[in-house]
Amino acid sequence: MHEAPIINVGGFNIDISIVTMLIVTCVVVFILARLAVRNLSVENPGKLQNFMEWAVEFVQGMISSTMDFKKGKVFVSLGMTLMMFILVGNLLGLPFGIVTEYSEPGHKIFGHEITTVNAAAFETLHEKKPDVEHPHIGVAWWKSPTADVNVTMGLAFLIFCIVHFLGMTRNTKAYFKSYIEPFPVFFPIKFIEVFSNLLTHGMRLYGNIFAGEVLISVLLGAGVFGIPGLIIWQGFSIFVGCIQAFVFTMLTMVYISHAVEDHSAEH
């Protein structure tokens, strides 16, 4: 595995590669959306327009399967944004990677010195044992942003806030009542369930994409012998990336449905 380029800003460690890849993901999604609607046509739609129309219908079907579409149609744009952002983010690390070797401290970006987790630890060790050689540390600059737990948990936390805000403002009485149904004694379990959903929502996406990139690194390290396995795994990783984008978006709509709709009549 490779280390991440880190800069410290105001006491916070910021991963430059993740920030860069998030910007790249946003730019790619924006360009795809703009190209899809640039020359809209009813009679002769382009391939990209057809794809976007299919994606919208797919998200609409996803919402319809979880809640009344009259209430849920306002979440189509949210579903499309999540689906496209996560899908592009999942696939960015597949075509290639950019890895450089960490050199001696001193390199700066925006006035902040670049370091890595292992390099910082080594510098502390080097002060105690000057004879220790400087390690060769690979620094990854291009990778899937969703292979970082901070990104996936940040997305999950954003959805967590949206879901519970909608529940408290659009379905207030039923939302709070759901915590004590069918009996008030279940409140601790319901409370734990809320935060376990947050954890599993983000960690599921992270675990699948991170594991895929780890295996790609292992196959690349095998040289020529790893090429057949790499080709097969690249194809499978595209499938996994699509499935995980679907699962994350689908769970988002399920959570929203539980928050905005009154399910007490179903019990």
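**View 1. Accessible surface and overall make-up of the predicted protein chain.** Of its 267 residues, 36% are buried (under 20% relative accessible area, with a 1.4 Å probe and protein chains only; exposed is over 50%, partly exposed in between). The secondary structure amounts to nine helices and six strands (DSSP runs numbered from the N terminus: helices H or I of at least four residues, strands E of at least two). The model is predicted: local features need pLDDT of at least 70, side-chain atom pairs count only at pLDDT 80 or more, and totals for chains, interfaces and linings use all residues. Residues are numbered from 1 along each chain as its sequence is written, and side-chain values use heavy atoms, without hydrogens and water.

**View 2. Helix H8, residues 187-221.** Buried residues of H8 include Val 194, Leu 198, His 201, Leu 205 and Glu 213. Their cover includes helices H4 (76-91), H6 (149-170) and H9 (227-260). Just after H8, Gly 223 adopts a positive phi of about 70 degrees.

**View 3. The hairpin of E1 and E2.** Strands E1 (residues 6-9) and E2 (residues 12-15) pair in the antiparallel sense over four bridges (pairing requires at least two DSSP bridges). Ile 7 has Ile 14 of E2 as its bridge partner. Two residues separate the strands, and Gly 10 takes a positive phi near 60 degrees.

Conventions: The expected span of a helix is 1.5 Å times one less than its number of residues. Contact means heavy atoms within 4.5 Å.
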